[in-house]
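Let's take a friendly look at the pockets of a protein model. Have the sequence and the 3D view ready as you read.

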Amino acid sequence: MDLIHLPHTIWKQLALAKDDRQHPWRTPVLASIDSRGLPHARTVVLRNVDSDSQVLQFFTDSRSPKVTQLSTSPQAQIVFWSNALNWQLRVTAQITIETTGAAVDAAWRQVEQSPARQDYLSPLSPGDALAAEAPKELGHSHHLAIISAKVTHIDWLSLSPEGHQRAEISAGILRWLTP
Ligand SMILES: Cc1cc2nc3c(=O)[nH]c(=O)nc-3n(C[C@H](O)[C@H](O)[C@H](O)COP(=O)(O)O)c2cc1C
C-alpha cells in the first residue's frame with residue numbers, strides 16, 4: 001500500500017460500504033461518552049459518506065441516549081472492521097445532530113418507504129422499559145435524527161501474514177505507525 005494513496009482508498013471503500021448491504025463497513029460501532037465520562041458503544045448503519053467534506057452520517061431516534069450523550073460531548077469514535085479487507089479503521093469525529101430541517105425531511109422521505117420506518121415512529125423512546133401492556137400503535141410523527149460525524153483523525157490498521165501495517169491520517173499528518 002502506497003501511503004500517499006491511502007486516504008483516497010479508504011474514502012472510496014467507505015463510499016462502497018454505504019451502498020453495499022454485505023460490506024462489513026456498513027455497520028460500524030459508534031462510541032460516545034456520557035455525562036459521567038462512561039463509554040457507550042453501539043452498532044449503527046452507515047447512511048451517507050461525503051469524502052469532499054469528510055463527513056459520515058448515521059440515522060437514529062432523536063430520543064435515544066446517544067443523542068443526549070453526543071449533544072453534550074460531541075466527540076465520538078467510530079470503529080470499522082472488515083474481515084474481507086482485513087482492515088480496521090478507528091475514526092475520531094466531531095458530531096453534529098439535526099432533528100429538524102430540510103435534510104431530516106429528505107432522510108425521512110427515504111426511510112418512510114422502508115421497513116425501518118417503524119423504528120422512528122414508536123410512541124416509546126429507545127431504552128424505555130416495556131410494560132406488560134406495551135402500546136403497539138405507531139405514532140403519527142417520526143423521531144428521526146441525523147448524526148453527522150466530521151472526521152478529524154483516522155487510525156488505519158491492515159492485518160496481513162506478510163506484516164501488519166498501520167497509518168495515521170489527520171490534518172497535515174500522513175505517516176506510518178508501528179502496528
Ligand atoms: C446491525 C445493527 C444496526 C443498527 N443500526 C442502527 C442505526 O443505524 N441507528 C441506531 O440508532 N441504532 C442502530 N442499531 C441499534 C443500536 O446498536 C442501539 O442498540 C440503539 O440505537 C440504542 O443505542 P443507545 O441506547 O446507545 O442510544 C443497530 C443495531 C444493529 C445490531
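## What counts as a pocket

On a 1 Å grid over the protein atoms alone, a pocket is an open set of points with protein on both sides within 12 Å along at least five of seven lines, and its lining residues have an atom within 4 Å of a point. Grid points are joined across faces, edges and corners, and a volume is the space filled by probe spheres set on the points; the probe is 1.4 Å.

The model is predicted: local features need pLDDT of at least 70 and side-chain atom pairs pLDDT 80 or more, while totals for chains, interfaces and linings use all residues. Residues are numbered from 1 along each chain as its sequence is written, and side-chain values use heavy atoms, without hydrogens and water.

## The largest pocket

Its volume is about 230 Å³. Among the lining residues are Lys18, Asp19, Arg21, Gln110 and Val111. Helix H1 (6–19) and helix H3 (102–111) each supply at least two lining residues (helices are DSSP runs of H or I, at least four residues, and strands are runs of E, at least two, numbered from the N terminus).

Which classes make up this lining? There are four nonpolar, two polar and five charged residues. Here Ala, Val, Leu, Ile, Met, Phe, Trp, Tyr, Cys and Pro count as nonpolar, Asp, Glu, Lys and Arg as charged, and the others, Gly among them, as polar.

## The second largest pocket

This pocket has a volume of about 200 Å³. Strand S4 (residues 55–61) gives the most to its lining, with three residues. The lining includes Phe59, Thr60, Asp61 and Tyr120, and by class it has six nonpolar, two polar and four charged residues.
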